[in-house]
Amino acid sequence: MIGAIAATGLADAAGAPLTISPHDFRRIFVTDAIMNGLPPHIAQVICGLEH
């Protein structure tokens, strides 16, 4: 995955190549799901955070 990201040429403000972790994808997924109507308590269950 790191090679694919580096191949995009995307960089941060300092010019360093972007790094993306699996946790970043989790946050993006949950944010997008909630912004599109998924109730937060359901997102918690999907992420394994039910109490």
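Predicted model: local features only at pLDDT ≥ 70, side-chain atom pairs only at ≥ 80, totals over all residues.

**Entry 1: an aspartate and a backbone nitrogen**

I started with D24, whose side chain reaches the backbone nitrogen of S21 at 2.8 Å. Next I checked where D24 sits, and it belongs to helix 2. Is D24 buried or exposed? Its relative accessible area is 18%, and since buried means under 20%, D24 counts as buried.

**Entry 2: the salt bridge**

I then asked how many salt bridges the structure holds. The count came back as one. Which side chains meet in it? They are those of R27 and D24, with 3.1 Å from N to O. I remembered the general idea that side chains of opposite charge can pair when their charged atoms come close. Why are these two about one helical turn apart? Because R27 and D24 are three residues apart in helix 2. I looked up the cover on both partners as well: R27 is partly exposed, at 49% relative accessible area, whereas D24 is buried at 18%.

Time to look at helix 2 as a whole. It runs over residues 22–35, which makes 14 residues. From first C-alpha to last it reaches 20 Å, close to the 20 Å expected at 1.5 Å a residue. After the helix comes G37, and I noted its positive phi, near 105°.

**Entry 3: the buried side**

Which residues of helix 2 are buried? I found D24, V30 and A33. What covers them includes helix 3, residues 40–46.

What does V30 touch, leaving aside its neighbours within four places in sequence? It is in contact with A43 and C47. I also checked V30 against P40: they are ten residues apart in sequence, and their C-alpha atoms are 8.6 Å apart in space.

**Entry 4: the exposed side**

I28 is in helix 2, and I wrote it down as exposed because its relative accessible area is 53%, where exposed means over 50%. I28 also belongs to a nonpolar patch on the surface, together with I20 and F25. How much accessible area do these residues have together? The value is about 270 Å².

F29 has its place in helix 2 too. Its relative accessible area is 45%, so I filed F29 as partly exposed. M35 is another helix 2 residue, and it is exposed, with a relative accessible area of 66%.

**Entry 5: a couple of distances**

Last, I looked up two pairs that reach back along the chain. F29 and L10 are 19 residues apart, and their C-alpha atoms are separated by 20 Å. For M35 and A6 the gap is 29 residues in sequence and 29 Å in space, C-alpha to C-alpha.

- M35 is exposed at 66%, and F29 is partly exposed at 45%.

Key
Residues numbered from 1 in each chain as written. Heavy atoms only, no water. Helix = DSSP H or I, 4+ residues; strand = E, 2+ residues; numbered from the N terminus. Expected span 1.5 Å × (residues − 1). Buried < 20%, exposed > 50% of the residue type's maximum accessible area, 1.4 Å probe, protein only. Contact = heavy atoms within 4.5 Å. Patch = residues over 30% accessible without salt bridge, like charges linked within 9 Å, V, L, I, M, F, W, Y side chains within 5 Å. Areas by Shrake-Rupley, 256 points an atom, 1.4 Å probe, with all protein chains shown as cover. Salt bridge = Lys/Arg side-chain N within 4 Å of Asp/Glu carboxyl O. Polar contact = N/O pair within 3.5 Å; in protein donor to acceptor, adjacent residues only side chain to side chain.
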